[in-house]
Amino acid sequence: MFQGASSLALDAKGRLSVPTRYRDVLSATASGQLTMTKHPHGCLMIFPRNEWEKFRERIASLPMDAQWWKRIFLGNAMDVDMDATGRILVSPELRAGAGISKDTVLLGMGSHFELWDAATYAAQEAEQMKAQMPDVFRDFSF
């Protein structure tokens, strides 16, 4: 279960250093093998390979009217492996698609991560914090 936020910077080659607190888990559960793809909110999703397989099956089984979303999720998916120092390469295509240049926010989202451009995430989070919470939180107690 991944949770928490990390502010990270991509290096000049577009590599992301996976936070230490996640490296051991990713090595043990997925042999350091990850898959990343686009998210409809403008970030990237990063899955341990075993979790990606489950997600991929769900997407692949969608009906024909979801074909474009299949293309977005499956057609943009890229397999990556953590190197010996815990870095992963974020491809130029995926970086461009998410508007990521250097400064990022990595969010643990349970079974996967989201990787955001830091400025984009800050702006969207601030906007959401000003808005009314969705109805699903109406009876939720904090």
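Q: What is the relative accessible area of R56?
A: R56 counts as partly exposed, a class between buried (under 20% relative accessible area) and exposed (over 50%), with a 1.4 Å probe and protein chains only. The model is predicted: local features need pLDDT of at least 70 and side-chain atom pairs 80 or more, while totals for chains, interfaces and linings use all residues. Residues are numbered from 1 along each chain as its sequence is written, and side-chain values use heavy atoms, without hydrogens and water. For R56 the value is 37%.

Q: Which residue forms a salt bridge with R56?
A: A salt bridge puts a side-chain nitrogen of Lys or Arg within 4 Å of a carboxyl oxygen of Asp or Glu. The closest N and O atoms here are 2.3 Å apart. The partner is E53.

Q: How many salt bridges does the count come to?
A: R15 and D11 meet at 2.6 Å, N to O. R87 pairs with D83, closest N and O atoms 2.9 Å apart. R49, D79 and D81 are linked in a network. The count comes to seven.

Q: How far apart are the end C-alpha atoms of α5?
A: Expected span is 1.5 Å times one less than the number of residues. The 13 residues of α5 should therefore span 18 Å. The model agrees, at 19 Å.

Methods:
Helices (H or I, at least four residues) and strands (E, at least two) are DSSP runs, numbered from the N terminus.
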